[in-house]
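Here is a friendly briefing to read with the model open beside you. It starts with the overall make-up of the chains and then moves to individual residues.

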Amino acid sequence: MESVLLPTLTKKEEIDRIINNTIDKVLVLRFGRTSDENCLLLDDILEKSARDVSKFATVALVDVDSDQVQVYVNYFDITLFPSTVFFFNAHHMKLDSGTADHTKWVGKFHEKQDFIDVVEVIFRGAMKGKMIVHCPLPPERIPKYQLLYKDV
Amino acid sequence: MEEKNTKKEKKKPSKKSEFEFCKVCRFHHDQGPRHKYFPRHKDLLSAFLNRFRSKIADVRFFLKNPIFLRPQEESQNRVWCVFCDEDIVELGSSFACSKAINHFASSEHRKNIKQFLWKHGPSMDCVDDFQISDADVAKWVRKCTALGNKDASSCRGQLSGTSSDIHNKLEFEKVQTHYISPNDLNDVKPLLYNTNEYQISHSGVTHYGSHLNVDASHLPPGVIGMTSTSSSHSSDSIGNVHSGAPPPWLNPNDANIFSGQLSQTDMTRVQEKIPVKTSKLNPHRVGAAWAERRKIEMEMEKRGLAVDSNTDADWLPNFGRVWQSGTRKDSRKEFDKEKRKLVVKTESISTESEERRVVKTESISMESEEPVQIQPYVSKRARKEKSGD
């Protein structure tokens with residue numbers, strides 16, 4: 001089920017192109033599959049807020065079931081879905097949300113405003129030269145998960 | 001010693017009068033009649049009187065150029081007289097500021113001005129600035145009657161038979177305010193005023209029609225006067241809606257003037273209100289150098305120049321991995337190493353047997369590497385705290 005607004009990327013070249021063409025804007029890449037319920041909920045929020053953040057962010061979906069995308073799945077250490085990775089000017093932006101993994105956002109957002117707040121904080125931090133920012137959301141709104149090292 | 005004391009007592013002007021409110025300074029004081037000589041009071045008084053002078057100037061404009069007052073604008077056409085402490089509202093008056101003009105010419109107002117200046121101001125010179133003479137009022141009344149007669153005659157000439165109600169209303173009687181109730185919205189109401197009438201508003205005045213006696217110089221400030229007078233003069237010769245003439249905004253001469261002036265005013269407004277956005281972004285933002293280079297590359301691509309694309313098949317963005325510590329370059333190197341090993345292993349396995357497939361690449365890497373000590377994840381902050389303790 002392809003979103004009308006958000007581009008779905010299935011090839012590495014497409015991901016490279018969108019990373020290289022997004023200049024001075026936050027790039028939000030959602031890694032997940034459309035068969036997953038949490039992923040669909042997250043997609044819904046992303047689609048609804050894409051326009052609101054369009055001035056400072058671009059949102060794209062990446063289908064993890066595609067073979068060509070597996071290199072990115074491994075490179076970004078994505079083990080849990082959905083995972084959202086943030087970039088700014090082809091540089092990865094880290095988000096300290098109190099969880100074990102600062103390199104991405106795992107799970108869905110509670111509501112639209114939460115996503116907008118996170119993207120805003122990332123943008124503000126990036127414009128100031130910070131590569132890691134603090135998550136503005138309260139702990140109860142941040143999805144909890146267990147991060148396992150190599151499935152151990 | 002005793003004489004000195006008595007002299008001192010005499011010198012002390014311990015005249016503490018009762019507290020009274022000064023309308024000019026807007027505070028209570030117990031200085032009594034001396035208050036009006038204080039420099040602060042004098043400054044505030046001059047500002048106070050200047051403000052009222054400007055209001056009187058607006059009323060004097062309507063004195064020289066009588067204009068019909070529409071019922072809708074009655075509420076806007078009101079003046080507060082500071083000397084008499086009363087609000088002059090133009091209820092039921094047919095000409096703009098008619099009640100204000102009558103008030104400023106009245107003897108009671110003159111008396112109040114004198115009282116005010118005696119109480120607050122040191123000099124009584126400026127009484128005439130704040131009142132209107134009877135001669136001026138008489139002239140104004142004559143102008144009003146002339147205006148009314150002209151208007152009534154022109155209406156009879158131009159309007160058709162169905163507007164007989166308008167004929168009656170346009171005579172010099174006071175027009176009662178006609179409130180449109182929601183029930184009447186579907187019905188078509190006759191015009192209260194001829195379309196040739198002046199349409200007045202306090203914020204801006206636009207004049208249409210052929211009965212202008214106004215020169216451009218007499219128009220008050222804040223009025224789009226220059227363009228409107230020119231348009232009205234042109235309509236004198238051309239005609240109006242009833243005669244089937246084109247509207248003034250389609251007149252090429254006026255359109256040019258109008259659009260030119262508007263664009264100038266628009267430009268000045270824009271320049272004043274909206275500050276010009278500087279396109280310079282923070283040079284210390286993340287990936288600033290990359291962004292500048294990429295913009296140049298994109299411009300060159302747009303122009304059609306060949307650009308060395310750095311997006312190889314192996315290109316990967318700057319990323320800090322989860323299980324690697326150190327710089328992002330280190331994590332990239334480590335990933336490349338893992339990838340190479342994986343490729344080598346898969347090739348070797350595929351040559352041995354096609355059926356065997358390695359599902360988990362991590363397990364292969366695990367065998368070849370040294371045994372890894374599995375430890376629970378401890379955040380940087382927790383590590384710092386522990387080391388501090």
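In chain B, residues 24 or more positions apart account for 50% of the contacts with a separation of 6 or more, where contact means heavy atoms within 4.5 Å. In chain A, 74% of the contacts between residues at least 6 apart in sequence join residues at least 24 apart. Please keep in mind that this is a predicted model, in which local features need pLDDT of at least 70 and side-chain atom pairs count only at pLDDT 80 or more, while totals for chains, interfaces and linings use all residues. Residues are numbered from 1 along each chain as its sequence is written, chains are lettered from A and ligands numbered from 1 in the order in which they are written, and side-chain values use heavy atoms, with hydrogens and water left out.

**The two chains**

- Chain A holds 4 helices and 7 strands; helices (H or I, at least four residues) and strands (E, at least two) are DSSP runs, numbered from the N terminus.
- Along its sequence, chain A reads β-α-β-α-β-α-β-β-β-α-β.
- Chain B has 12 helices and 4 strands.
- Of the 152 residues in chain A, 55% are buried; buried means under 20% relative accessible area, exposed over 50%, and partly exposed in between (1.4 Å probe, protein chains only).
- In chain B, buried residues make up 31% of the 389 residues.
- Chain A exposes about 6,900 Å², with carbon and sulfur atoms supplying 50% of it; accessible areas come from the Shrake-Rupley method with a 1.4 Å probe, and for residues only the protein chains shown count as cover.

**A:K12 and its surroundings**

- A:K12 lies in helix α1 (residues 12–21) of chain A and counts as buried, at 9% relative accessibility.
- The side chains of A:K12 and A:D16 meet in a salt bridge (2.8 Å, N to O); a salt bridge is a side-chain nitrogen of Lys or Arg within 4 Å of a carboxyl oxygen of Asp or Glu.
- Both A:K12 and A:D16 sit in helix α1 of chain A, 4 residues apart, about one turn of the helix.
- A:D16 is buried, as is A:K12.
- Leaving aside neighbours within four places in sequence, A:K12 is in contact with residues of chain A and chain B, including A:Q68, A:Y72, B:D312 and B:W315.
- The C-alpha atoms of A:K12 and A:Q70 are separated by 8.7 Å, although the two are 58 residues apart along the chain.

**Other salt bridges**

- Over all chains, the whole structure has 21 salt bridges.
- B:D129 and B:R53 pair through their side chains (3.2 Å, N to O).
- B:D129 lies in the loop between α4 (107–120) and α5 of chain B and B:R53 in helix α2 (residues 39–64) of chain B, so the pair ties together parts that are 76 residues apart in sequence.
- B:D129 is partly exposed at 33% relative accessibility, and B:R53 is partly exposed at 29%.
- B:R332 forms a salt bridge with B:D336, with the closest N and O atoms 3.6 Å apart.
- B:R332 and B:D336 are 4 residues apart in helix α10 (residues 328–352) of chain B, about one helical turn.
- B:R332 is partly exposed, with a relative accessible area of 23%, and B:D336 is partly exposed at 24%.
- Salt bridges that share partners join A:D24, B:R285, B:E292 and B:K295 into one network.

**A positive patch on chain B**

- B:K64, B:K139, B:R142 and B:K143 gather in a patch of positive charge on the surface.
- Patches are made of residues with over 30% relative accessible area and no salt bridge: like charges are joined within 9 Å, and nonpolar side chains (Val, Leu, Ile, Met, Phe, Trp, Tyr) within 5 Å.
- Lys and Arg count as positive and Asp and Glu as negative, with His and the chain ends not counted; the place of a charge is NZ of Lys, CZ of Arg, CG of Asp or CD of Glu.
- Helix α5 (residues 134–158) of chain B gives the most to the positive patch, with 3 residues.
- B:K139 lies in helix α5 of chain B and is partly exposed, with a relative accessible area of 48%.

**Backbone points to check**

- Most residues other than glycine have a negative phi, and most peptide bonds are trans.
- The peptide bond from A:F81 to A:P82 is cis, with omega near 0°, and A:P82 is in the loop between α3 (70–75) and β4 (83–88) of chain A.
- A:D77 has a positive phi, near 55°, and is found in the loop between α3 and β4 of chain A.
- B:R26 has a positive phi of about 60° and lies in the loop between β1 (20–22) and β2 (27–29) of chain B.
- A:D77 is buried at 17% relative accessibility, whereas B:R26 is exposed at 61%.
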